[in-house]
Amino acid sequence: MACILVVDDIPGVRKSIAAGLKRLGHEVLEAGNGREALDLATGRATDLVITDMLMPEMDGVDLIDLLNEAPGKTPRILAMSGGGTFVTSQDALTVARQNADAVLEKPFDTVELCDAVQSLLEKGAT
Amino acid sequence: MFRSAAHIWMQALDAAQVNITIADAAHPERPLTYVNRSFCETTGYAAEDVIGRSCRFLQGPGTCAETIAQIRQSLNEDQAIDVEILNYRRDGSEFWNALSLSPIRDETGRVTAIVGFQVDVTERRRLDEDRLHSAKMEALGRFSSGIAHEVNSMLQPIVSLPSLVKTALPEDKAEEREWLDLIEEHGKTARALLRKLLQYGRRNPAAEAALFDPCKALDAAAVHLRPACGDLINLVRNQTLATGKTVYGDLQSLVQSIIALGENAIDAMPQGGTLTLAAHLTDGTVSLSVQDTGPGVDTRYRHRIFEPFFTSKPIGLGTGLGLALAQSHITSMGGTISLKNHAANGACFTINLPLAEPDTAAPSPQFYTA
(Lines give C-alpha, C1' and ligand atoms only; values in the text may rest on other atoms or scores of the structure.)
Protein backbone atom coordinates (compact mmCIF):
# COMPACT_ATOMS: atom_id res chain seq x y z
CA MET A 1 0.00 0.00 0.00
CA ALA A 2 1.34 3.43 -0.93
CA CYS A 3 0.47 7.00 -0.02
CA ILE A 4 -0.64 8.85 -3.14
CA LEU A 5 -1.45 12.55 -3.44
CA VAL A 6 -3.91 13.50 -6.20
CA VAL A 7 -3.79 17.17 -7.28
CA ASP A 8 -6.42 18.71 -9.56
CA ASP A 9 -8.60 21.81 -9.33
CA ILE A 10 -11.70 19.89 -10.45
CA PRO A 11 -13.14 17.86 -7.54
CA GLY A 12 -14.82 15.31 -9.87
CA VAL A 13 -11.48 14.50 -11.46
CA ARG A 14 -9.80 14.04 -8.06
CA LYS A 15 -12.64 11.87 -6.77
CA SER A 16 -12.76 9.59 -9.81
CA ILE A 17 -9.00 9.05 -9.71
CA ALA A 18 -9.00 8.54 -5.94
CA ALA A 19 -11.77 5.96 -6.30
CA GLY A 20 -9.63 3.77 -8.56
CA LEU A 21 -6.57 4.11 -6.34
CA LYS A 22 -8.52 3.28 -3.16
CA ARG A 23 -9.81 0.12 -4.84
CA LEU A 24 -6.18 -0.91 -5.22
CA GLY A 25 -5.76 -0.40 -1.47
CA HIS A 26 -3.72 2.81 -1.54
CA GLU A 27 -4.04 5.69 0.90
CA VAL A 28 -5.15 8.74 -1.07
CA LEU A 29 -4.83 12.44 -0.26
CA GLU A 30 -6.47 15.15 -2.37
CA ALA A 31 -5.44 18.74 -3.09
CA GLY A 32 -7.07 21.40 -5.31
CA ASN A 33 -3.85 23.12 -6.47
CA GLY A 34 -0.07 23.05 -6.10
CA ARG A 35 -0.02 25.10 -2.89
CA GLU A 36 -2.50 22.84 -1.10
CA ALA A 37 -0.53 19.85 -2.34
CA LEU A 38 2.74 21.20 -0.89
CA ASP A 39 1.05 21.80 2.47
CA LEU A 40 -0.25 18.23 2.51
CA ALA A 41 3.00 16.67 1.33
CA THR A 42 5.22 18.53 3.78
CA GLY A 43 6.32 16.32 6.62
CA ARG A 44 4.55 13.28 5.24
CA ALA A 45 6.06 10.35 3.34
CA THR A 46 4.30 10.53 -0.02
CA ASP A 47 5.24 7.82 -2.52
CA LEU A 48 3.55 9.27 -5.57
CA VAL A 49 2.06 12.60 -6.60
CA ILE A 50 -0.45 12.57 -9.45
CA THR A 51 -0.86 16.16 -10.60
CA ASP A 52 -2.67 18.20 -13.20
CA MET A 53 -0.55 20.83 -15.00
CA LEU A 54 -2.86 23.84 -15.41
CA MET A 55 -4.23 24.90 -12.03
CA PRO A 56 -4.94 28.17 -10.21
CA GLU A 57 -2.72 29.42 -7.35
CA MET A 58 0.19 27.11 -8.20
CA ASP A 59 0.47 25.05 -11.37
CA GLY A 60 1.93 21.59 -11.86
CA VAL A 61 5.34 22.84 -13.06
CA ASP A 62 5.98 24.87 -9.89
CA LEU A 63 4.67 22.04 -7.71
CA ILE A 64 7.05 19.54 -9.32
CA ASP A 65 9.99 21.97 -8.94
CA LEU A 66 9.28 22.57 -5.26
CA LEU A 67 8.77 18.85 -4.56
CA ASN A 68 12.14 18.13 -6.17
CA GLU A 69 13.84 20.87 -4.10
CA ALA A 70 12.33 19.70 -0.79
CA PRO A 71 14.67 17.81 1.58
CA GLY A 72 14.24 14.07 2.01
CA LYS A 73 12.88 11.54 -0.43
CA THR A 74 11.21 12.99 -3.51
CA PRO A 75 7.99 11.26 -4.50
CA ARG A 76 7.54 9.93 -8.02
CA ILE A 77 5.58 12.31 -10.21
CA LEU A 78 2.78 11.25 -12.53
CA ALA A 79 1.58 14.28 -14.47
CA MET A 80 -1.81 14.36 -16.16
CA SER A 81 -3.16 16.84 -18.64
CA GLY A 82 -6.11 17.32 -20.92
CA GLY A 83 -4.03 19.53 -23.20
CA GLY A 84 -4.36 23.28 -23.43
CA THR A 85 -1.55 25.81 -23.13
CA PHE A 86 0.19 27.78 -20.38
CA VAL A 87 0.14 31.59 -20.52
CA THR A 88 3.56 31.26 -22.13
CA SER A 89 1.79 29.42 -25.00
CA GLN A 90 3.66 26.23 -24.14
CA ASP A 91 1.66 23.06 -24.71
CA ALA A 92 0.71 21.59 -21.31
CA LEU A 93 1.30 17.99 -22.41
CA THR A 94 4.76 18.77 -23.77
CA VAL A 95 5.69 20.53 -20.52
CA ALA A 96 4.30 17.58 -18.55
CA ARG A 97 6.50 15.15 -20.48
CA GLN A 98 9.58 17.27 -19.76
CA ASN A 99 8.97 17.54 -16.03
CA ALA A 100 7.37 14.32 -14.77
CA ASP A 101 8.38 10.65 -14.45
CA ALA A 102 5.33 9.65 -16.48
CA VAL A 103 2.36 11.33 -18.14
CA LEU A 104 -1.28 10.36 -18.62
CA GLU A 105 -3.40 12.17 -21.16
CA LYS A 106 -6.88 12.96 -19.77
CA PRO A 107 -9.30 11.34 -19.85
CA PHE A 108 -7.74 7.94 -19.04
CA ASP A 109 -9.48 4.79 -17.86
CA THR A 110 -8.83 2.96 -14.61
CA VAL A 111 -6.67 0.31 -16.27
CA GLU A 112 -4.33 2.97 -17.74
CA LEU A 113 -4.18 4.67 -14.32
CA CYS A 114 -3.42 1.43 -12.45
CA ASP A 115 -0.72 0.40 -14.94
CA ALA A 116 1.02 3.78 -14.70
CA VAL A 117 0.81 3.89 -10.88
CA GLN A 118 2.04 0.31 -10.54
CA SER A 119 5.01 0.90 -12.78
CA LEU A 120 6.05 4.10 -10.95
CA LEU A 121 5.65 2.58 -7.49
CA GLU A 122 7.85 -0.35 -8.49
CA LYS A 123 10.62 2.14 -9.24
CA GLY A 124 10.17 3.64 -5.74
CA ALA A 125 10.83 7.16 -4.49
CA THR A 126 14.20 8.76 -5.22
CA MET B 1 -14.68 52.78 -94.21
CA PHE B 2 -17.30 50.72 -92.39
CA ARG B 3 -15.69 47.41 -93.42
CA SER B 4 -12.38 48.59 -92.12
CA ALA B 5 -13.82 49.65 -88.77
CA ALA B 6 -15.58 46.30 -88.42
CA HIS B 7 -12.36 44.56 -89.30
CA ILE B 8 -10.51 46.40 -86.53
CA TRP B 9 -13.27 45.54 -84.08
CA MET B 10 -12.94 41.87 -84.93
CA GLN B 11 -9.17 42.04 -84.64
CA ALA B 12 -9.51 43.73 -81.26
CA LEU B 13 -11.82 40.99 -80.00
CA ASP B 14 -9.40 38.35 -81.19
CA ALA B 15 -6.43 40.09 -79.58
CA ALA B 16 -8.16 40.42 -76.21
CA GLN B 17 -6.70 38.46 -73.28
CA VAL B 18 -10.17 37.56 -71.99
CA ASN B 19 -12.36 34.94 -73.61
CA ILE B 20 -15.14 36.53 -75.64
CA THR B 21 -18.19 34.79 -77.04
CA ILE B 22 -21.26 36.03 -78.88
CA ALA B 23 -24.42 33.93 -78.99
CA ASP B 24 -27.58 34.29 -81.04
CA ALA B 25 -30.39 35.30 -78.65
CA ALA B 26 -33.14 34.82 -81.21
CA HIS B 27 -32.66 31.07 -81.23
CA PRO B 28 -33.91 29.17 -78.12
CA GLU B 29 -30.66 27.20 -77.94
CA ARG B 30 -28.63 30.44 -78.07
CA PRO B 31 -25.95 28.99 -80.38
CA LEU B 32 -22.52 30.63 -80.53
CA THR B 33 -21.93 32.88 -83.49
CA TYR B 34 -18.46 34.02 -82.50
CA VAL B 35 -15.63 32.95 -80.17
CA ASN B 36 -12.29 34.76 -79.96
CA ARG B 37 -8.81 33.26 -80.00
CA SER B 38 -8.39 33.39 -76.22
CA PHE B 39 -11.55 31.31 -75.81
CA CYS B 40 -10.10 28.65 -78.11
CA GLU B 41 -6.79 28.67 -76.25
CA THR B 42 -8.46 28.30 -72.84
CA THR B 43 -10.95 25.61 -73.79
CA GLY B 44 -8.95 23.69 -76.38
CA TYR B 45 -11.80 23.89 -78.92
CA ALA B 46 -11.37 25.26 -82.44
CA ALA B 47 -13.86 27.98 -83.45
CA GLU B 48 -15.37 25.77 -86.16
CA ASP B 49 -16.06 23.05 -83.56
CA VAL B 50 -18.21 25.31 -81.45
CA ILE B 51 -19.89 27.85 -83.73
CA GLY B 52 -23.56 26.93 -84.00
CA ARG B 53 -23.53 25.03 -80.69
CA SER B 54 -24.98 26.03 -77.34
CA CYS B 55 -22.35 26.89 -74.70
CA ARG B 56 -23.52 23.88 -72.67
CA PHE B 57 -20.62 21.80 -74.01
CA LEU B 58 -18.44 23.58 -71.43
CA GLN B 59 -20.45 22.08 -68.58
CA GLY B 60 -19.66 18.76 -66.95
CA PRO B 61 -20.43 16.54 -63.97
CA GLY B 62 -18.99 19.00 -61.41
CA THR B 63 -20.79 22.06 -62.75
CA CYS B 64 -23.18 23.48 -60.19
CA ALA B 65 -26.79 22.96 -61.33
CA GLU B 66 -27.93 26.02 -59.37
CA THR B 67 -25.48 28.26 -61.21
CA ILE B 68 -26.71 26.92 -64.56
CA ALA B 69 -30.31 27.62 -63.52
CA GLN B 70 -29.30 31.12 -62.43
CA ILE B 71 -27.73 31.84 -65.83
CA ARG B 72 -30.75 30.47 -67.67
CA GLN B 73 -33.15 32.58 -65.63
CA SER B 74 -31.17 35.78 -66.23
CA LEU B 75 -31.00 35.14 -69.97
CA ASN B 76 -34.73 34.36 -70.11
CA GLU B 77 -35.39 37.68 -68.40
CA ASP B 78 -32.94 39.52 -70.72
CA GLN B 79 -30.77 40.41 -67.73
CA ALA B 80 -26.97 40.56 -67.49
CA ILE B 81 -25.28 38.16 -65.08
CA ASP B 82 -21.86 37.60 -63.47
CA VAL B 83 -21.09 34.14 -62.07
CA GLU B 84 -18.18 31.80 -61.46
CA ILE B 85 -18.81 28.37 -62.89
CA LEU B 86 -16.85 25.14 -63.14
CA ASN B 87 -16.30 24.41 -66.82
CA TYR B 88 -14.49 21.69 -68.75
CA ARG B 89 -11.90 21.95 -71.51
CA ARG B 90 -12.00 19.78 -74.60
CA ASP B 91 -9.58 17.32 -72.92
CA GLY B 92 -11.94 16.95 -69.96
CA SER B 93 -9.85 18.98 -67.52
CA GLU B 94 -11.67 21.43 -65.27
CA PHE B 95 -11.28 25.19 -64.98
CA TRP B 96 -13.12 27.87 -63.04
CA ASN B 97 -14.65 30.39 -65.36
CA ALA B 98 -15.57 33.91 -64.22
CA LEU B 99 -18.38 34.49 -66.67
CA SER B 100 -20.06 37.79 -67.46
CA LEU B 101 -23.01 37.65 -69.88
CA SER B 102 -24.77 40.74 -71.21
CA PRO B 103 -27.67 41.02 -73.65
CA ILE B 104 -27.16 43.11 -76.79
CA ARG B 105 -30.31 44.97 -77.93
CA ASP B 106 -31.24 46.31 -81.37
CA GLU B 107 -32.73 49.76 -81.92
CA THR B 108 -36.19 48.46 -80.96
CA GLY B 109 -34.90 47.18 -77.64
CA ARG B 110 -35.18 43.52 -78.62
CA VAL B 111 -32.33 41.29 -77.45
CA THR B 112 -30.63 39.88 -80.50
CA ALA B 113 -27.37 38.56 -79.11
CA ILE B 114 -25.57 37.77 -75.86
CA VAL B 115 -21.97 38.75 -75.39
CA GLY B 116 -19.93 36.76 -72.91
CA PHE B 117 -16.64 37.74 -71.27
CA GLN B 118 -14.83 34.90 -69.54
CA VAL B 119 -11.69 34.73 -67.44
CA ASP B 120 -10.01 31.53 -66.21
CA VAL B 121 -9.85 32.10 -62.44
CA THR B 122 -8.78 28.58 -61.43
CA GLU B 123 -5.51 29.72 -59.88
CA ARG B 124 -7.12 32.59 -57.97
CA ARG B 125 -9.80 30.27 -56.59
CA ARG B 126 -7.18 27.74 -55.55
CA LEU B 127 -5.30 30.43 -53.63
CA ASP B 128 -8.55 31.64 -52.06
CA GLU B 129 -9.41 28.09 -51.05
CA ASP B 130 -5.91 27.53 -49.61
CA ARG B 131 -6.19 30.74 -47.60
CA LEU B 132 -9.66 29.80 -46.37
CA HIS B 133 -8.43 26.33 -45.49
CA SER B 134 -5.50 27.75 -43.50
CA ALA B 135 -7.77 30.21 -41.73
CA LYS B 136 -10.21 27.45 -40.80
CA MET B 137 -7.40 25.24 -39.56
CA GLU B 138 -6.00 28.08 -37.49
CA ALA B 139 -9.39 28.86 -35.96
CA LEU B 140 -9.98 25.19 -35.30
CA GLY B 141 -6.56 24.87 -33.66
CA ARG B 142 -7.23 27.80 -31.33
CA PHE B 143 -10.71 26.62 -30.52
CA SER B 144 -9.81 23.01 -29.83
CA SER B 145 -6.79 23.76 -27.70
CA GLY B 146 -8.89 26.33 -25.84
CA ILE B 147 -11.58 23.87 -24.85
CA ALA B 148 -9.49 20.68 -24.69
CA HIS B 149 -8.26 21.10 -21.13
CA GLU B 150 -11.72 21.69 -19.73
CA VAL B 151 -13.59 19.09 -21.75
CA ASN B 152 -10.98 16.37 -21.23
CA SER B 153 -11.15 16.96 -17.50
CA MET B 154 -14.95 16.77 -17.60
CA LEU B 155 -14.64 13.42 -19.38
CA GLN B 156 -12.31 11.95 -16.74
CA PRO B 157 -15.02 10.53 -14.41
CA ILE B 158 -17.09 9.36 -17.41
CA VAL B 159 -14.18 7.36 -18.81
CA SER B 160 -12.77 6.02 -15.54
CA LEU B 161 -15.69 5.35 -13.17
CA PRO B 162 -17.92 2.90 -15.13
CA SER B 163 -15.38 0.07 -14.86
CA LEU B 164 -15.18 0.57 -11.08
CA VAL B 165 -18.96 0.53 -10.71
CA LYS B 166 -19.18 -2.61 -12.86
CA THR B 167 -16.90 -4.55 -10.52
CA ALA B 168 -19.17 -3.56 -7.62
CA LEU B 169 -22.39 -4.68 -9.38
CA PRO B 170 -23.99 -8.02 -8.46
CA GLU B 171 -23.76 -10.75 -11.11
CA ASP B 172 -27.43 -10.53 -12.15
CA LYS B 173 -27.27 -6.84 -13.16
CA ALA B 174 -26.51 -7.54 -16.83
CA GLU B 175 -28.60 -4.68 -18.16
CA GLU B 176 -27.03 -2.11 -15.83
CA ARG B 177 -23.64 -3.43 -16.85
CA GLU B 178 -24.55 -2.70 -20.48
CA TRP B 179 -25.56 0.85 -19.57
CA LEU B 180 -22.19 1.39 -17.92
CA ASP B 181 -20.46 0.01 -21.01
CA LEU B 182 -22.43 2.51 -23.06
CA ILE B 183 -21.32 5.44 -20.87
CA GLU B 184 -17.70 4.33 -21.08
CA GLU B 185 -17.84 3.73 -24.82
CA HIS B 186 -19.37 7.14 -25.55
CA GLY B 187 -16.88 8.84 -23.24
CA LYS B 188 -14.05 7.20 -25.17
CA THR B 189 -15.55 8.19 -28.52
CA ALA B 190 -15.67 11.80 -27.34
CA ARG B 191 -12.06 11.45 -26.19
CA ALA B 192 -10.99 10.17 -29.61
CA LEU B 193 -12.74 13.05 -31.38
CA LEU B 194 -11.16 15.62 -29.11
CA ARG B 195 -7.69 14.13 -29.58
CA LYS B 196 -8.15 14.34 -33.33
CA LEU B 197 -9.22 17.97 -32.99
CA LEU B 198 -6.23 18.71 -30.82
CA GLN B 199 -3.84 17.61 -33.52
CA TYR B 200 -4.78 20.85 -35.30
CA GLY B 201 -3.86 22.91 -32.30
CA ARG B 202 -0.49 21.35 -31.63
CA ARG B 203 2.29 23.68 -32.54
CA ASN B 204 5.11 22.90 -34.85
CA PRO B 205 5.10 19.21 -35.63
CA ALA B 206 8.58 19.85 -37.08
CA ALA B 207 9.88 18.72 -33.70
CA GLU B 208 9.10 15.16 -34.83
CA ALA B 209 10.37 15.60 -38.39
CA ALA B 210 13.12 13.30 -39.61
CA LEU B 211 14.24 11.37 -42.66
CA PHE B 212 12.45 8.05 -42.96
CA ASP B 213 11.56 5.28 -45.42
CA PRO B 214 8.03 5.89 -46.81
CA CYS B 215 7.57 2.12 -47.23
CA LYS B 216 7.54 1.91 -43.43
CA ALA B 217 4.55 4.24 -43.33
CA LEU B 218 2.68 2.08 -45.82
CA ASP B 219 3.57 -1.08 -43.87
CA ALA B 220 2.34 0.41 -40.58
CA ALA B 221 -0.89 1.67 -42.16
CA ALA B 222 -1.51 -1.75 -43.76
CA VAL B 223 -1.13 -3.48 -40.39
CA HIS B 224 -3.71 -1.10 -38.92
CA LEU B 225 -6.15 -1.38 -41.85
CA ARG B 226 -6.08 -5.15 -42.34
CA PRO B 227 -8.45 -6.02 -39.44
CA ALA B 228 -10.92 -3.32 -40.57
CA CYS B 229 -11.06 -4.92 -44.04
CA GLY B 230 -12.75 -8.02 -42.60
CA ASP B 231 -13.71 -10.83 -44.95
CA LEU B 232 -15.33 -8.67 -47.61
CA ILE B 233 -12.41 -6.44 -48.58
CA ASN B 234 -9.25 -7.64 -50.20
CA LEU B 235 -6.19 -5.61 -49.18
CA VAL B 236 -3.65 -5.53 -52.00
CA ARG B 237 -0.14 -4.05 -52.12
CA ASN B 238 1.26 -2.73 -55.38
CA GLN B 239 4.76 -1.49 -54.89
CA THR B 240 7.57 -0.63 -57.27
CA LEU B 241 9.22 1.75 -54.79
CA ALA B 242 12.30 0.07 -53.37
CA THR B 243 12.80 0.13 -49.61
CA GLY B 244 15.61 2.32 -48.33
CA LYS B 245 14.46 5.54 -50.05
CA THR B 246 13.80 8.47 -47.75
CA VAL B 247 11.39 11.36 -47.39
CA TYR B 248 11.47 14.13 -44.80
CA GLY B 249 8.70 14.71 -42.27
CA ASP B 250 6.88 13.05 -39.42
CA LEU B 251 6.45 9.29 -39.93
CA GLN B 252 3.46 9.03 -37.57
CA SER B 253 1.61 11.84 -39.35
CA LEU B 254 2.08 10.09 -42.68
CA VAL B 255 0.87 6.79 -41.21
CA GLN B 256 -2.22 8.54 -39.81
CA SER B 257 -2.90 10.16 -43.17
CA ILE B 258 -2.73 6.84 -45.03
CA ILE B 259 -4.95 5.23 -42.38
CA ALA B 260 -7.53 8.04 -42.77
CA LEU B 261 -7.59 7.48 -46.55
CA GLY B 262 -7.79 3.71 -46.05
CA GLU B 263 -10.66 3.97 -43.57
CA ASN B 264 -12.61 6.16 -45.98
CA ALA B 265 -11.94 3.62 -48.74
CA ILE B 266 -13.21 0.78 -46.53
CA ASP B 267 -16.33 2.80 -45.65
CA ALA B 268 -16.93 3.30 -49.38
CA MET B 269 -17.15 -0.46 -49.95
CA PRO B 270 -19.78 -1.81 -47.53
CA GLN B 271 -20.51 -4.67 -49.97
CA GLY B 272 -16.83 -5.55 -50.23
CA GLY B 273 -14.18 -4.85 -52.84
CA THR B 274 -10.45 -4.28 -53.18
CA LEU B 275 -8.33 -1.78 -51.29
CA THR B 276 -5.02 -1.18 -53.06
CA LEU B 277 -2.08 0.46 -51.28
CA ALA B 278 0.53 1.44 -53.85
CA ALA B 279 3.98 3.00 -53.71
CA HIS B 280 5.91 4.21 -56.74
CA LEU B 281 8.81 6.50 -57.49
CA THR B 282 8.72 8.85 -60.47
CA ASP B 283 11.24 11.60 -61.23
CA GLY B 284 12.25 12.16 -57.63
CA THR B 285 8.70 12.06 -56.31
CA VAL B 286 7.40 9.31 -54.07
CA SER B 287 3.75 8.50 -54.82
CA LEU B 288 1.72 6.65 -52.23
CA SER B 289 -1.81 5.88 -53.27
CA VAL B 290 -4.91 4.43 -51.68
CA GLN B 291 -7.45 3.12 -54.16
CA ASP B 292 -10.83 1.51 -53.62
CA THR B 293 -13.38 -0.16 -55.86
CA GLY B 294 -16.37 1.72 -54.40
CA PRO B 295 -18.59 4.18 -56.27
CA GLY B 296 -15.96 6.96 -56.26
CA VAL B 297 -16.31 10.40 -54.69
CA ASP B 298 -19.50 12.20 -55.72
CA THR B 299 -18.42 14.92 -58.15
CA ARG B 300 -20.55 17.45 -56.22
CA TYR B 301 -18.26 16.97 -53.22
CA ARG B 302 -14.90 16.80 -54.98
CA HIS B 303 -14.00 20.40 -54.30
CA ARG B 304 -14.94 20.26 -50.65
CA ILE B 305 -13.59 16.96 -49.36
CA PHE B 306 -10.47 18.50 -47.79
CA GLU B 307 -12.45 21.13 -45.86
CA PRO B 308 -12.42 20.60 -42.09
CA PHE B 309 -15.80 19.29 -40.88
CA PHE B 310 -17.00 18.47 -44.38
CA THR B 311 -18.29 14.91 -44.50
CA SER B 312 -20.58 13.00 -46.82
CA LYS B 313 -20.98 10.21 -44.28
CA PRO B 314 -24.17 9.82 -42.23
CA ILE B 315 -24.38 11.72 -38.93
CA GLY B 316 -22.23 10.10 -36.28
CA LEU B 317 -20.07 8.17 -38.74
CA GLY B 318 -17.71 10.86 -39.96
CA THR B 319 -16.06 13.79 -38.20
CA GLY B 320 -15.02 15.50 -41.42
CA LEU B 321 -11.50 15.75 -40.04
CA GLY B 322 -9.66 12.80 -41.56
CA LEU B 323 -8.94 14.26 -45.00
CA ALA B 324 -8.45 17.81 -43.70
CA LEU B 325 -5.89 16.55 -41.24
CA ALA B 326 -4.22 14.36 -43.87
CA GLN B 327 -3.88 17.36 -46.20
CA SER B 328 -2.43 19.45 -43.39
CA HIS B 329 0.13 16.71 -42.59
CA ILE B 330 1.13 16.18 -46.20
CA THR B 331 1.45 19.93 -46.90
CA SER B 332 3.69 20.25 -43.86
CA MET B 333 5.97 17.64 -45.45
CA GLY B 334 6.20 19.71 -48.63
CA GLY B 335 3.95 17.25 -50.48
CA THR B 336 0.54 17.22 -52.12
CA ILE B 337 -2.53 15.04 -51.86
CA SER B 338 -4.96 14.63 -54.73
CA LEU B 339 -8.01 12.65 -55.75
CA LYS B 340 -8.79 10.91 -59.00
CA ASN B 341 -12.06 9.12 -59.61
CA HIS B 342 -11.69 6.14 -61.88
CA ALA B 343 -14.73 5.59 -64.05
CA ALA B 344 -15.19 1.97 -63.04
CA ASN B 345 -12.63 1.62 -60.26
CA GLY B 346 -13.71 3.87 -57.41
CA ALA B 347 -11.63 6.62 -55.86
CA CYS B 348 -7.85 6.89 -55.82
CA PHE B 349 -6.11 9.28 -53.43
CA THR B 350 -2.45 9.94 -54.15
CA ILE B 351 0.10 11.45 -51.78
CA ASN B 352 3.13 12.87 -53.59
CA LEU B 353 6.22 13.56 -51.50
CA PRO B 354 9.60 14.87 -52.61
CA LEU B 355 12.33 12.28 -52.31
CA ALA B 356 14.95 13.45 -49.80
CA GLU B 357 18.49 12.18 -50.06
CA PRO B 358 20.02 11.58 -46.63
CA ASP B 359 22.86 14.02 -47.35
CA THR B 360 20.72 16.84 -48.72
CA ALA B 361 19.26 19.65 -46.67
CA ALA B 362 15.76 18.98 -45.44
CA PRO B 363 13.02 20.96 -47.19
CA SER B 364 11.52 23.75 -45.12
CA PRO B 365 8.00 22.64 -44.31
CA GLN B 366 5.04 24.96 -43.85
CA PHE B 367 2.82 24.61 -40.83
CA TYR B 368 -0.61 25.62 -39.81
CA THR B 369 -0.11 26.94 -36.31
CA ALA B 370 -2.55 27.98 -33.66
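This is a predicted model: local features need pLDDT of at least 70, side-chain atom pairs count only at pLDDT 80 or more; totals for chains, interfaces and linings use all residues.
Biologist: Asp78(B) sits in the loop between α4 (65-76) and β3 (81-88) of chain B. How do you know where a helix such as α4 or a strand such as β3 is?

Modeller: Helices here are DSSP runs of H or I with at least four residues, strands are runs of E with at least two, and both are numbered from the N terminus. Residues are numbered from 1 along each chain as its sequence is written, chains are lettered from A and ligands numbered from 1 in the order in which they are written, and side-chain values use heavy atoms, with hydrogens and water left out.

Biologist: What makes the phi of Asp78(B) worth a mention?

Modeller: Phi of Asp78(B) is near 55 degrees, a positive value in a residue other than glycine. Most residues other than glycine have a negative phi, and most peptide bonds are trans. Arg30(B), not a glycine, also has a positive phi, of about 50 degrees. You'll find Arg30(B) in the loop between β1 (19-24) and β2 (32-35) of chain B.

Biologist: Which peptide bond into Pro107(A) is cis?

Modeller: The one from Lys106(A) to Pro107(A), with omega near -10 degrees. Pro107(A) belongs to the loop between β5 (102-105) and α5 (110-123) of chain A.

Biologist: Why is the pairing of Asp8(A) and Lys106(A) called a salt bridge?

Modeller: The rule asks for a side-chain nitrogen of Lys or Arg within 4 Å of a carboxyl oxygen of Asp or Glu. Asp8(A) and Lys106(A) come to 2.7 Å, N to O, so the pair passes that test. As for what it links: Asp8(A) is in the loop between β1 (3-7) and α1 (11-23) of chain A and Lys106(A) in the loop between β5 and α5 of chain A, so parts 98 residues apart in sequence are tied together. Over all chains, the structure holds 19 salt bridges.

Biologist: How many of those salt bridges cross the interface of chain B and chain A?

Modeller: The rule finds 3 across that interface. One of them joins the side chains of Arg191(B) and Glu112(A) at 3.3 Å, N to O.

Biologist: And how do you know which residues of chain B are in contact with chain A?

Modeller: Contact means heavy atoms within 4.5 Å. By that rule 23 residues of chain B are in contact with 23 residues of chain A.

Biologist: What makes the buried area of chain B and chain A come out at its value?

Modeller: Buried area is the accessible area (1.4 Å probe) that two parts lose on being put together, summed over both. For chain B and chain A that is about 1900 Å², with 53% of it on carbon and sulfur atoms. His149(B), Gln156(B) and Leu164(B) supply 34% of the area that chain B buries against chain A, more than any other three residues.

Biologist: How many residue pairs are in polar contact between chain B and chain A?

Modeller: There are 12, with both residues at pLDDT 80 or more. A polar contact is a pair of N or O atoms within 3.5 Å; within protein, one must be able to donate a hydrogen and the other to accept it, and residues adjacent in sequence count only if both atoms are side-chain atoms. On chain B's side, α5 and α6 are the elements that give two or more residues, and α5(B) brings the largest share, 16 residues. That side divides into 9 nonpolar, 8 polar and 6 charged residues. Nonpolar means Ala, Val, Leu, Ile, Met, Phe, Trp, Tyr, Cys and Pro, charged means Asp, Glu, Lys and Arg, and the others, Gly among them, count as polar.

Biologist: How is chain B divided into domains?

Modeller: Into domain 1 (2-120), domain 2 (126-201) and domain 3 (206-354), with bounds from an automatic or database domain assignment. Domain 2 of chain B and domain 3 of chain B have centres 25 Å apart, taken over C-alpha atoms. Their contact takes 9 residues from domain 2 of chain B and 13 from domain 3 of chain B.

Biologist: How much area do domain 2 of chain B and domain 3 of chain B bury between them?

Modeller: About 980 Å², 66% of it on carbon and sulfur atoms.
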